[in-house]
Amino acid sequence: MTPQTRVKERAEEQSSAMNSDQQAMIRMLANDLHRLNHSIMKAVDAGVSVELVRSARHHGGDGNWGDLLIPVIVTQGTHAA
């Protein structure tokens with residue numbers, strides 16, 4: 001069963017007050033997140049656990065920021081008891 005992440009819908013709802021360049025970047029981000037979510041599901045189905053952890057925060061210099069992520073991968077043989 002595929003979970004409904006609603007990435008595209010959420011991005012569209014949140015970008016309604018943005019200019020066209022910003023909306024285009026949000027669409028690109030939503031597409032990338034959709035692909036990432038799909039890859040995570042495939043990794044889980046292959047037998048690993050995946051956690052995304054913020055590794056840093058990027059600041060744009062004008063008050064905008066974004067979280068940068070790294071994956072933490074755990075195989076079944078390394079789960080804590």
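**Pocket, hairpin and one proline**

Mentor: By class, nine nonpolar, five polar and two charged residues make up the lining of the largest pocket. One caution: this is a predicted model, where local features need pLDDT of at least 70, side-chain atom pairs count only at pLDDT 80 or more, and totals for chains, interfaces and linings use all residues. Residues are numbered from 1 along each chain as its sequence is written, and side-chain values use heavy atoms, with hydrogens and water left out.

Trainee: What makes a residue nonpolar, polar or charged here?
Mentor: Ala, Val, Leu, Ile, Met, Phe, Trp, Tyr, Cys and Pro count as nonpolar, Asp, Glu, Lys and Arg as charged, and the others, Gly among them, as polar.

Trainee: Which element supplies the largest share of the lining of the largest pocket?
Mentor: That's α2, with seven residues. Both α2 (20-45) and β2 give at least two residues to that lining. Helices (H or I, at least four residues) and strands (E, at least two) are DSSP runs, numbered from the N terminus. The protein has two helices and two strands, in the order α-α-β-β along the sequence.

Trainee: How do you know that β1 and β2 pair?
Mentor: Two strands pair if DSSP finds at least two bridges between them. Strand β1 (residues 48-59) and β2 have eleven, in the antiparallel sense, so by that rule they pair. Val53 stands opposite Ile70 in β2. Five residues lie between the strands of this hairpin, and Gly61 takes a positive phi near 90° there.

Trainee: Why is Pro71 called exposed?
Mentor: Buried means under 20% relative accessible area, exposed over 50%, partly exposed in between (1.4 Å probe, protein chains only). Pro71 has 51%, so it is exposed. Pro71 sits in strand β2 (residues 65-75). Across the whole protein, 7% of the 81 residues count as buried.

Trainee: What is Pro71 in contact with, leaving aside its neighbours within four places in sequence?
Mentor: Glu51 and Leu52, where contact means heavy atoms within 4.5 Å. As for Arg35, Pro71 is 36 residues from it in sequence and 15 Å from it in space, C-alpha to C-alpha.

Trainee: How does the radius of gyration of the protein stand against a compact globule?
Mentor: The protein has 16 Å, but a compact globule of 81 residues would be near 12 Å. The radius is taken over C-alpha atoms, and the globule rule is 2.2 Å times the number of residues to the power 0.38. Along its principal axes, the C-alpha trace spans about 50 × 30 × 15 Å.
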